[in-house]
Amino acid sequence: MYELDESKYLYLLLLIPFLVALFLWVQIWKRKRQKEFGDIELVKKLSPEKSNFKPALKFGILLLGLSMIILGLVNPKIGTKVEKVKREGIDIVFAIDVSKSMLCEDIAPSRLEKSKQLVSQIINGLGSDRIGIIAYSGSAFPVLPITTDYNAAKMFLQGMNPGIISSQGSNLDEAITLTEKYFEGSGNTSKLLVMVTDGEDHSEKAQDAAEQAKKKGIKIITIGVGTTKGGPIPIRNGNSVVYHKDKETGETVTTKLRPEALEAIAKNANGGYINGTSTKQVVDYMRKSLNNIQKTQFEATEVASFQSQFQWFLGIGFFLLLLDLFLLERKTKWVQKLDLFSEKKV
């Protein structure tokens, strides 16, 4: 098994036929010039030490050296071993609140950005677990299906903002219901829903949804982001900032963290609640919680381990270029005696 790390450099091999054509053209041009100068045999006698074969040999070594260097840039990798890898873990879905209240800056830099930081740090501490991401506000939206690609998860995570869902609010029950669909193909794998939100839920169905989730084997951990004192919701337009106001009273709306709602949801789903102010505390809490959840073998795959081979190609290439540099075009005496290339005059 093999793979090419930088296959784009293979295009440089197109230089080889071009150089061959150039070399042949130069040889034809030289022969024509020699004929113009005088008789070919007489010209050869004027330079008896010049080999007819050495120029082609030097050029061949040069081309081979360049080819080896190009292949070194491509960096071929050869599979040295194939091994069975058993993956054990749980399925985790992160449900992230992207309602406008998450723009509040009572926790720096904002509730939403803090949520992204928390989830990203939790993902960094995972091992072989599978993860998915849901965004929700007035409704729930699937962002990333269950996967083991943590880099893709963090990439999608950074692109989340209130604009990805048109309906506003903070319906936690919608997120829980969508999570159940995420877990439909998980079989006996342990299932965990991590909800990151300020808890401003305008739906009374969240606790009922949590109880239904518990019946389906889904454990829920809630992470509260924000402060109980709360703050206004900024609306930015370029460099100007205004704050969201109540349409009826015209007063600035203050949004607050509602830990009691999040604690109730977690309790109904046999989970736990933690305040998200301290990233370290959240990561430690999640690590301990995950250690207490039974791991399940959910995937077995063959993984080929590849090792780079560029050093061999570069080494041979530079050796051939060095050899070409010291190889002269005049005849070699001991080779001339053997007459391997029929250079003696009959």
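Author: We start with how helix axes are drawn. Axes are lines fitted to C-alpha atoms, for helices over the stretch in contact, and angles run from 0 to 180 degrees between N-to-C directions. Keep in mind that this is a predicted model. With axes drawn that way, helix 4 and helix 9 pack at an angle of about 40°, and their axes are 10 Å apart.

Reader: Why are helix 4 and helix 9 called oblique to each other?

Author: Set the angle against the cut-offs. Roughly parallel needs an angle under 35 degrees, and roughly perpendicular runs from 65 to 115. The angle here is about 40°. Helix 4 and helix 9 are therefore oblique. Helix 4 passes helix 9 in a right-handed crossing.

Reader: Which residues make the contact between helix 4 and helix 9?

Author: Helix 4 brings Lys-114, Leu-118, Gln-121 and Ile-122. Helix 9 answers with Thr-279, Val-282, Val-283 and Met-286.

Reader: What makes helix 7 roughly parallel to helix 8?

Author: The cut-off is an angle under 35 degrees. Helix 7 (residues 206-215) and helix 8 (residues 259-268) pack at about 25°, with axes 8 Å apart. That makes the two roughly parallel. The crossing of helix 7 past helix 8 is right-handed. Ala-206, Gln-207, Ala-210, Glu-211 and Lys-214 of helix 7 make the contact with Ala-264, Ile-265 and Asn-268 of helix 8.

Reader: Which residues of helix 8 are buried, and what covers them?

Author: The buried ones are Pro-259, Leu-262, Ala-264, Ile-265, Ala-266 and Asn-268. Their cover includes helix 6, strand 6, helix 7, strand 7 and strand 12 (272-275).

Reader: What makes helix 6 count as mostly covered?

Author: Eight of the eleven residues in helix 6 (residues 172-182) are buried. Among them are Leu-172, Ile-176, Leu-178 and Tyr-182. Asp-173 and Glu-180 are also on that list.

Reader: How do you know that Ile-176 is buried?

Author: Buried means under 20% relative accessible area. Ile-176 has 1% relative accessibility, so Ile-176 counts as buried. Beyond its sequence neighbours within four places, Ile-176 is in contact with Leu-193, Met-195, Ala-206, Ala-209, Ala-210, Ala-213, Ile-220 and Ile-265. Take Ala-213: it is 37 residues from Ile-176 in sequence, yet the C-alpha atoms are 7.2 Å apart.

Reader: Which residues touch the most other members of the largest nonpolar core?

Author: Ile-92, Leu-192 and Ile-223, in a core of 34 residues. Helix 4 gives the largest share, five residues. Strand 3 (91-97), strand 4 (130-136) and helix 9 (279-291) are among the elements that each supply at least two. Ile-92 has contacts beyond four places in sequence that include Leu-126, Ile-131, Ile-146, Phe-183, Leu-192 and Leu-290. A second, separate core holds 22 residues, including Phe-183, Ala-206, Ala-210 and Ala-269.

Reader: Why is the pair of Phe-23 and Phe-59 called stacked?

Author: Two tests apply. Ring centres must lie within 6.5 Å, and planes must be under 30 degrees apart. The centres of Phe-23 and Phe-59 are 4.2 Å apart and the planes sit at 10°, so the pair is stacked. The structure holds one aromatic pair.

Reader: What does this pair tie together?

Author: Phe-23 is in helix 1 (residues 15-37) and Phe-59 is in helix 3 (residues 54-74), so the pair ties together parts 36 residues apart in sequence. Phe-59 is at 16% relative accessibility, so it counts as buried.

Reader: Asn-75 and Asn-270 both have positive phi values. Which is buried and which is exposed?

Author: Under 20% is buried, over 50% is exposed. Asn-75 has a relative accessible area of 8%, so it is buried. Asn-270 is at 53%, so it counts as exposed. Asn-75 lies in the loop between helix 3 and strand 2 (76-89). Asn-270 lies in the loop between helix 8 and strand 12.

Reader: Where is the cis peptide bond?

Author: The bond runs from Ala-108 to Pro-109, with omega near -10°. Pro-109 lies in the loop between strand 3 and helix 4. Most peptide bonds are trans.

Conventions: Residues are numbered from 1 along each chain as its sequence is written. This is a predicted model: local features need pLDDT of at least 70, side-chain atom pairs count only at pLDDT 80 or more; totals for chains, interfaces and linings use all residues. Side-chain values use heavy atoms; hydrogens and water are left out. A nonpolar core is a set of buried Ala, Val, Leu, Ile, Met, Phe, Trp, Tyr and Cys residues joined through side-chain atoms within 4.5 Å. Buried means under 20% relative accessible area, exposed over 50%, partly exposed in between (1.4 Å probe, protein chains only). Helices (H or I, at least four residues) and strands (E, at least two) are DSSP runs, numbered from the N terminus. Contact means heavy atoms within 4.5 Å. Rings of Phe, Tyr and Trp (its six-membered ring) pair if their centres lie within 6.5 Å; planes under 30 degrees apart count as stacked, over 60 as edge-to-face and the rest as tilted. Angles under 35 degrees count as roughly parallel, over 145 as roughly antiparallel, 65 to 115 as roughly perpendicular and the rest as oblique. A crossing is left-handed if the near helix is turned anticlockwise from the far one by less than a right angle, and right-handed if clockwise.
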